[in-house]
6 protein chains.
Amino acid sequence: MTESLVFLNGRMVPESQASLRIYDMGIVLGATTTEMTRTFRQRPFRLLDHLGRLYRSLRYMNVDPGLSREEMERVSEELVAHNAGLLRADQELGLIHFVTPGEVKTYAGSAAGQAEPSRPTVCIHTFPLPLHMWAHFFREGVHVVTPSIRHVPPQCVDPKMKNRSRMHWFLADRETRLVDPKATTLLLDLEGNITETSGANFLLVRDGRVLSPTLRNILPGVSRQVVIELCDRLGIAFAERDLQVHDVVNADEAFLSTTPYCMAPCTKINGLTIGDGKPGPVFNRLMAAWSDLAGVDIVAQVLESRAG
Amino acid sequence: MTESLVFLNGRMVPESQASLRIYDMGIVLGATTTEMTRTFRQRPFRLLDHLGRLYRSLRYMNVDPGLSREEMERVSEELVAHNAGLLRADQELGLIHFVTPGEVKTYAGSAAGQAEPSRPTVCIHTFPLPLHMWAHFFREGVHVVTPSIRHVPPQCVDPKMKNRSRMHWFLADRETRLVDPKATTLLLDLEGNITETSGANFLLVRDGRVLSPTLRNILPGVSRQVVIELCDRLGIAFAERDLQVHDVVNADEAFLSTTPYCMAPCTKINGLTIGDGKPGPVFNRLMAAWSDLAGVDIVAQVLESRAG
Amino acid sequence: MTESLVFLNGRMVPESQASLRIYDMGIVLGATTTEMTRTFRQRPFRLLDHLGRLYRSLRYMNVDPGLSREEMERVSEELVAHNAGLLRADQELGLIHFVTPGEVKTYAGSAAGQAEPSRPTVCIHTFPLPLHMWAHFFREGVHVVTPSIRHVPPQCVDPKMKNRSRMHWFLADRETRLVDPKATTLLLDLEGNITETSGANFLLVRDGRVLSPTLRNILPGVSRQVVIELCDRLGIAFAERDLQVHDVVNADEAFLSTTPYCMAPCTKINGLTIGDGKPGPVFNRLMAAWSDLAGVDIVAQVLESRAG
Amino acid sequence: MTESLVFLNGRMVPESQASLRIYDMGIVLGATTTEMTRTFRQRPFRLLDHLGRLYRSLRYMNVDPGLSREEMERVSEELVAHNAGLLRADQELGLIHFVTPGEVKTYAGSAAGQAEPSRPTVCIHTFPLPLHMWAHFFREGVHVVTPSIRHVPPQCVDPKMKNRSRMHWFLADRETRLVDPKATTLLLDLEGNITETSGANFLLVRDGRVLSPTLRNILPGVSRQVVIELCDRLGIAFAERDLQVHDVVNADEAFLSTTPYCMAPCTKINGLTIGDGKPGPVFNRLMAAWSDLAGVDIVAQVLESRAG
Amino acid sequence: MTESLVFLNGRMVPESQASLRIYDMGIVLGATTTEMTRTFRQRPFRLLDHLGRLYRSLRYMNVDPGLSREEMERVSEELVAHNAGLLRADQELGLIHFVTPGEVKTYAGSAAGQAEPSRPTVCIHTFPLPLHMWAHFFREGVHVVTPSIRHVPPQCVDPKMKNRSRMHWFLADRETRLVDPKATTLLLDLEGNITETSGANFLLVRDGRVLSPTLRNILPGVSRQVVIELCDRLGIAFAERDLQVHDVVNADEAFLSTTPYCMAPCTKINGLTIGDGKPGPVFNRLMAAWSDLAGVDIVAQVLESRAG
Amino acid sequence: MTESLVFLNGRMVPESQASLRIYDMGIVLGATTTEMTRTFRQRPFRLLDHLGRLYRSLRYMNVDPGLSREEMERVSEELVAHNAGLLRADQELGLIHFVTPGEVKTYAGSAAGQAEPSRPTVCIHTFPLPLHMWAHFFREGVHVVTPSIRHVPPQCVDPKMKNRSRMHWFLADRETRLVDPKATTLLLDLEGNITETSGANFLLVRDGRVLSPTLRNILPGVSRQVVIELCDRLGIAFAERDLQVHDVVNADEAFLSTTPYCMAPCTKINGLTIGDGKPGPVFNRLMAAWSDLAGVDIVAQVLESRAG
């Protein structure tokens, strides 16, 4: 069989049949929590960290997915094993988990604010990582742009829960593409502090130290946590503080940390070059250490990849 | 044939087959705009107003649904005509429109902030209004509760666009149900002003005048617009201003305006009785005028309805 | 008998014996709501308006004073009648109402957030208005100063409820007196808008119109309501809007409205002269109309008064 | 003699006669600063720390209490010695200090923003700690609830000064009791950060570290300082940062620190269980160390206490 | 003589010699207030309105320019008369007034916060209006862009005073030009409301009404005032309210009002077309009425102008 | 020759001829970045640090001054050498750098938001430090006052860039002088946190530690950096956090760090004495260490100086 499987509500189904009824609260409310894990050598990387965060998000939403974390882990491993079997040896998988509170029982109830969900919807699926699409990140670096739209503050939806009520990202991305069609949105918070991109944490380097926005307004990224561990191992100081665009413009280096490609140098902000516009020495040391950890030369894997 | 139809991406499909693939941006990002219209005597009420707002939202999102407003209207009328034929004569329909930007082309692209949508997803569907579920609104009134979670501010996602990135409503509803399982969430904005409930506009009456929050933080509801027109016809003053909980506690009356049941008296806030705890004279005059307009005794229809 | 009486918890007591036990929540928490009414010709002015607001505040606090509004009115009238009998004919009374939730049952309970009050404390008392102390307001006008301390926002304590948690006024007054020992504090809100003084509403005149801050951040003063009525009678437009210091500096006139002396010209802000530094024509017209309403020449009464 | 004494304005008076005249600014303005100390084995614990903070508050208010800190200490010790003599041996005392700016000289002056206080009011009193009332804190833990009302920000009244303008706590407690009559209010600040409860500091444990809100919005509690010292002694890391409800929901442990019962496990927030819903190992270690420090098994004392 | 004159500190000097010493507070602090007036048929338009606002700004700054408003008017008229004599008949003049507090007496004093200015600097100068540069505004309309930088709030510098501390505009313009080199910056305020462009007020049309941001965050423009008068004359409703980008995207029309070219249609915001992307009927009616008022066909004058 | 030289746009000119044309954007927009360096023994102190910050500011503004940092350094040294030759041996120089984007090409373009600058204006000049004016800082200490005006937030203009859009400082200073004509303005930010004075960083000492506001809202001062280095050398802890007025009132010491006089004790805030009102031991140790570093007894130099 040549089709990937998807775990959906307790069953393995072919990817082509993986869909949600239009009454699902993931569609009706965007009330979905999610995670993305990637493989190295086709084995999931830090899967337990991702599932730990998923269950923290579910606890915050007060949603019981009906599977224990251990069961979720087992199913995830099975799914990766199966779907990886359909890949070329040089490919990797992205692994997505998402959970919604289930379907609205009476549709109009929702309109009246009385939505009573059914059993939660649990979905796990994979896709081949489009490694070739990221080559330009390592060659030229990422251009981040701060649009006028601000990040949703934690007293509305806490970004520490990875969730899919992301209309503000959609609207912000449209603004960002006006500046540069290949740029990435970096949202400011309501006070004008740097937060994160839609898929990555943002970090900068000043005087040899890695600086991060505080956790108030950002996802506590699993990849960011890897960076913290690698900094510790390499003797690089890591600190959190409120950062503004001025800090980025005058940083020695800046980079993103994220599941799909681990890290990427960030070389421009709002059209201004950061540092000398090239991946910096701290980035390179961290990336090399990460490649060691993963057992894969991450940059080479991307630069040598081809479209699937 | 006894199954309702759903309009989905250009085709009429049986309701049981109406689902979205898990790559749809409505699921991945909650980047969905939506409308809900209801029927009176099984004919849509103010459909053009709802479609007008839908197309304003699409313009704001910069999404072209691929159908003109006129085509959308025609399809909606057809759908209502067909599905109403499956109802008892005393039933009414809710009519939902929703549009998403379509599917993510490369899934992981989304994680990298580079989501490029395909053709937008357009869905129109209906459901029988659960009129009997609202009887207690007319008998006892609605109890609104202001939880600690605040409404998303317009510099993040403008609530003037009806959209489905509604995680904050889901989280807030959980808090509200701790106070009273039957209560309705009334969100405050970041400055502590009254905004709206998840499915209705909030209005109060003081010294014979109907007062509404300003449009800064709320949906410009079609039903709210009907209230404005009816106020004008009945010689009742209508004004917008920032309102706080203190205003509600000390209002003469308060009520909700919303598509499914038009209006409902709001008789309690945070456990405190508003006015004398009964539907007030201004509410009653407006509701009577609306019934005239609709050609249906709206309250009687609800009170006499039975579960479908 | 020559001593004033005080109504305290159902009994009339001599003023010298009017005190609260140190366990009263008025002392422990400042959780007190209050009103001040004055007399003209020794009869209370707008007593019903003040009692109406008192009962709105009690409803907001969810405190039942144990007396109906009608009983409170009757007792107040009795008290004024008795205590006015001790005055010279040219004197007037101030009449204070205040209500606290009563005493803490177990003191340390309060420290643990479990304060359970006993029966509410209800107190009504009077004092001779120190009319002579206000002569300089009519001769020179009031100097308002905006200190660095900001008004408590309505999402903490709504200033529409007249209450005695007023530490911010105490601290702000200290700052104000550094500028001018005779100046009056005019607090800004968190956004820098003009709000009110500790005892009066603030109003200004521009192009013949009286402008007031919006009701979001201020007490809806009974005297301010009188000004609105007088404006209506005199054909002077009255409007509410957000006002800043710049508006005051460039106003044609500014004035306070307040129970004790009804109105006072405000002729300086932060050391800058407003208008020509004299009571303006709109102030004078309104004051004359108020004197008509009260049956007393209010300014003359103050200017001719002598210390009691 | 069987009645406790109260120190009031320079004199020792029987508790039953301890009251303030209704013109005291503690009643009129809530302009009171206060402290609460408790005894262990009927001797005051950390009295000097409490008096140090009292005098810092007085300096901030610019009020001179007329007694030096040393005199205040001596009187406090005397009072405790006398009043403890009236207790059973297994009882403890709470010791309250409060200071107000004194009485308003001319009542109506206050209404005009010209309040000139007389000599400050200084009061010191005691009460038997109701130890038995806290048993459920140690058995079940505290349920904290975040109501919609927000903490007063430091640019209005700085919570670093313990003060009695606490109407917002009174209003917030009413909301909290709607969720759970035994719950404790945990206020958020205007940005949605965790602050404190009305009588305690809030702390959580994550990955073995004790985390506290920053000092921006909270009382720098004497008991919190004890926790810091005990953490230092036990080799437990302690750090300050902005914390949100999401952090609490996903903490390993949470607890309160406060004078009356030193510490209490916090096992629920907004109806969600924290950790495993039981006092955690860090709490237990700290509590044991505190008992050592105090020479009293604090938990046992509470669990074995009986109503006085 | 062929050189324009400049009025500088009491003397008429040739334009080529009009400069400020580097110790002027206009250079050192940007502490400058300014006005710009234009001519029609080479006569100043609404000069008194501009001077009125200039003197209000000076009052707010507490700076006495040393000339009365009448003297300033007379000098301005003389200057225009002289400099207009150097123009072609089809040209118009811009007339600039600016006043600074003068020179710092001791330079380093400024660094220590002790700047004591000398006599204020008063400058009046003119320049030929570059009418031809604005043709594209009338042909294609203005494209406004909302950058991430926000307008300075009135509690820092009140924008009701036209002033030259405009670094935020400089920084914002750089962001705007990334989107479109010909676009105009439209700043949002800290809450995400529309304010103004660097040189114009922003207005929109919805349902036949002209809507403006409130005066809280914007210059009360003299041209905006002309629009209000023309609306009144033409029976077009004019109202102020908080407006957001969503309102602009969905407006029927939008336009700028400003001294140099009076009004210009605004046809795009953030790359989205407003209305049908053409000057709308309300704009056209107002512009025609303005041309009547000015005695000049304003649009034709621009479209037919040629570079000077 | 006895006149100081000024470097202006590539040329050395006599000070009396150093002026900017009225079309310079430094005058029109206040769009100027600046630095101030001082000499010790007539040699520039930390010139490279100041130039480093100047070039960071220019990068943020995207302005290329046309000189490399090395050239700027060389010219600065030359200028100091020349101008110091005109001084008495006991005098020191202040050295100012400022850069503007140049002149507006078409004046009215600016009014239309289309300002296109010419070549940047680069100016370097000096002045004799008025050492004698600061004697009272060392004798009595500085009195800081927090006026009602707030510091411009970094999402408008980032104070990490030293710039000359300083109208808010001008307005705030006027308020401050009402309290005390010799006082220095200490601005609060929008949340009420301490920021900085117009020419100095603010620091306080508590429990032996030096505490500073965070870098969010303040200039990262070169002198502040010297303090950090000296603290490190002397074993004094240095930490950043949000500080409020309450922290200052109750600090053990407070002081300013600034280029002209390095440090000054701050002994009063809003009329309240800080610590014992005298320079404290931490200040004295730091100042002594700084004198060592500079090779000049800084305090003695000031106290023994005479007017130039």
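Predicted model: local features only at pLDDT ≥ 70, side-chain atom pairs only at ≥ 80, totals over all residues.
Good morning. In chain B, strand E6 (residues 93–100) and strand E7 (residues 121–128) run antiparallel and are joined by 8 bridges. Within this pair, B:Val99 stands opposite B:Val122 of E7(B).

Chain B has an open sheet of 6 strands, in the order E2-E1-E7-E6-E4-E5, with antiparallel pairing. Its edge strands are E2 (11–14) and E5 (43–44) of chain B, each of which pairs on one side only. Helix H2 (residues 47–61) of chain B packs on the sheet, where it touches E4 (33–40), E5 and E6 of chain B. The direction of H2(B) makes about 180° with that of E4(B).

Elsewhere in chain B there is a hairpin to consider. Strand E9 (residues 184–188) and strand E10 (residues 194–197) of chain B run antiparallel and are joined by 2 bridges. Here B:Leu188 stands opposite B:Ile194 of E10(B). The hairpin has 5 residues between the strands, and B:Gly192 takes a positive phi near 90°.

Let me turn to helix packing, beginning with chain D. How do helices H2 and H3 of chain D cross? The axes of H2 (residues 47–61) and H3 (residues 69–84) of chain D come within 10 Å and cross at roughly 135°. The two helices, H2(D) and H3(D), are therefore oblique to each other. Their crossing, that of H2(D) and H3(D), is right-handed. On the side of H2(D), the contact is made by D:Leu47, D:Leu48, D:Leu51 and D:Tyr55, and on the side of H3(D) by D:Arg69, D:Met72, D:Glu73 and D:Ser76. Sorted by class, the contact of H2(D) with H3(D) has 5 nonpolar residues, 1 polar and 2 charged.

Helix H7 (residues 222–234) and helix H9 (residues 281–294) of chain C pack with their axes 10 Å apart, at an angle of about 105°. H7(C) and H9(C) are therefore roughly perpendicular to each other. From H7(C), the contact draws on C:Val226, C:Val227, C:Leu230, C:Arg233 and C:Leu234; from H9(C), on C:Arg285, C:Leu286, C:Ala289 and C:Trp290. The contact of H7(C) with H9(C) comprises 7 nonpolar and 2 charged residues, with no polar residues.

I come now to the relations between chains. By what turn can chain C be laid on chain D? A turn of 180°, with a shift of 0.0 Å along the axis, places chain C on chain D with an RMSD of 0.0 Å. The two copies are thus related as by a two-fold rotation axis. The same surface serves both copies, since 98% of the contact residues of chain C recur in chain D.

For chains F and A the turn is 120°: chain F can be laid on chain A with an RMSD of 0.0 Å and a shift of 0.0 Å along the axis. These two copies are thus related as by a three-fold rotation axis. Their contact takes 12 residues from chain F and 10 residues from chain A. On the side of chain F that touches chain A, the residues divide into 4 nonpolar, 3 polar and 5 charged.

Finally, two pairs of chains without contact. No contact joins chain A and chain C, and their closest C-alpha atoms lie 14 Å apart. Chain B and chain F are likewise joined by no contact, with their closest C-alpha atoms 14 Å apart. Thank you.

Key: Residues numbered from 1 in each chain as written. Chains lettered and ligands numbered in written order. Least-squares fit on C-alpha atoms with pLDDT ≥ 70 in both. Contact = placed C-beta atoms within 7 Å. Nonpolar A, V, L, I, M, F, W, Y, C, P; charged D, E, K, R; others polar. Axes fitted to C-alpha atoms, helices over the stretch in contact; angles between N-to-C directions. Helix = DSSP H or I, 4+ residues; strand = E, 2+ residues; numbered from the N terminus. Parallel < 35°, antiparallel > 145°, perpendicular 65-115°, else oblique. Pairing = 2+ DSSP bridges. Left-handed = near helix turned anticlockwise from the far one by under 90°.
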